[in-house]
Amino acid sequence: MAEVSVLNMEGSEVGKMKLNDAIFGVEINEHLVHQAVVAQLANNRQGTQKAKTRSEVRGGGRKPWRQKGTGHARQGSIRAPQWTGGGVVFAPTPRDYSKKMNKKEKRIALKSVLTSRVEEGKFIVLDELKFDAPKTKEFAQVLKNLEADKALVVLNDNDTNVVKSAANIPTVKTASTQTINVYDILKYDTVIVTQDAVKTIEEVYA
């Protein structure tokens with residue numbers, strides 16, 4: 001089992017914690033990690049682009065002038081693409097960009113990135129993370145003590161004071177044990193987790 005130091009908010013070591021190898025010591029599967037990132041980014045796309053084709057534009061049901069004898073080119077509708085106010089030739093339509101992954105594949109990808117952060121020494125475990133009131137300055141000091149600039153902070157409970165304290169720091173994101181994902185873990189250089197959150201992750205994903 002991998003063993004990591006447990007730090008306090010001052011950055012001092014207060015103990016050791018053994019991590020479950022079934023989550024934090026797996027063989028890294030880069031292919032599934034890549035798939036998970038691509039799927040998450042694709043699922044975030046709205047796909048709501050839309051323009052009207054000539055059949056959808058209002059009007060244009062009548063032939064604007066007779067076929068021959070006017071000196072004009074023949075026209076069938078004032079809503080044809082070459083007319084102002086006409087339809088678009090190959091108009092974009094709403095599209096679903098979402099990609100699916102099996103639950104088992106998602107779990108393997110998540111375990112892979114958690115393992116990589118532990119191996120790189122970028123997985124910091126805190127004994128607790130609590131504030132009496134929302135204080136951005138205090139949260140920034142904690143990050144300085146831990147020598148972590150760009151960090152994903154994983155909490156067991158949605159502590160309002162902690163979440164609000166981190167809200168104004170652009171390089172920090174807070175997440176609960178239920179909402180952690182592959183993309184965020186890779187996006188932020190360091191993962192900061194409370195002891196309770198580690199235990200919950202091991203219970204949920206083991």
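These notebook entries record what I looked up in a predicted model of one protein chain.

**Conventions.** I number residues from 1 along each chain as its sequence is written. For this predicted model, local features need pLDDT of at least 70 and side-chain atom pairs count only at pLDDT 80 or more, while totals for chains, interfaces and linings use all residues; side-chain values use heavy atoms, with hydrogens and water left out.

**Fold and overall form.** I find seven helices and six strands in the protein chain, where helices (H or I, at least four residues) and strands (E, at least two) are DSSP runs, numbered from the N terminus. The radius of gyration, taken over C-alpha atoms, is 27 Å, well over the 17 Å that the globule rule (2.2 Å times the number of residues to the power 0.38) gives for 206 residues, so the protein chain is more spread out than a compact globule. I note that the C-alpha trace spans about 95 × 40 × 25 Å along its principal axes.

**Salt bridges.** I searched the whole structure and found four salt bridges, each a side-chain nitrogen of Lys or Arg within 4 Å of a carboxyl oxygen of Asp or Glu. For burial I use under 20% relative accessible area as buried, over 50% as exposed and partly exposed in between (1.4 Å probe, protein chains only).

Arg117 pairs with Glu120, their closest N and O atoms lying 2.7 Å apart. Arg117 is buried at 7%, whereas Glu120 is partly exposed at 45%.

Lys173 and Asp184 form another salt bridge, at 2.8 Å from N to O. This pair links strand 5 (residues 172–176), which holds Lys173, to helix 6 (residues 182–187), which holds Asp184. Lys173 is partly exposed at 32%; Asp184 is buried at 6%.
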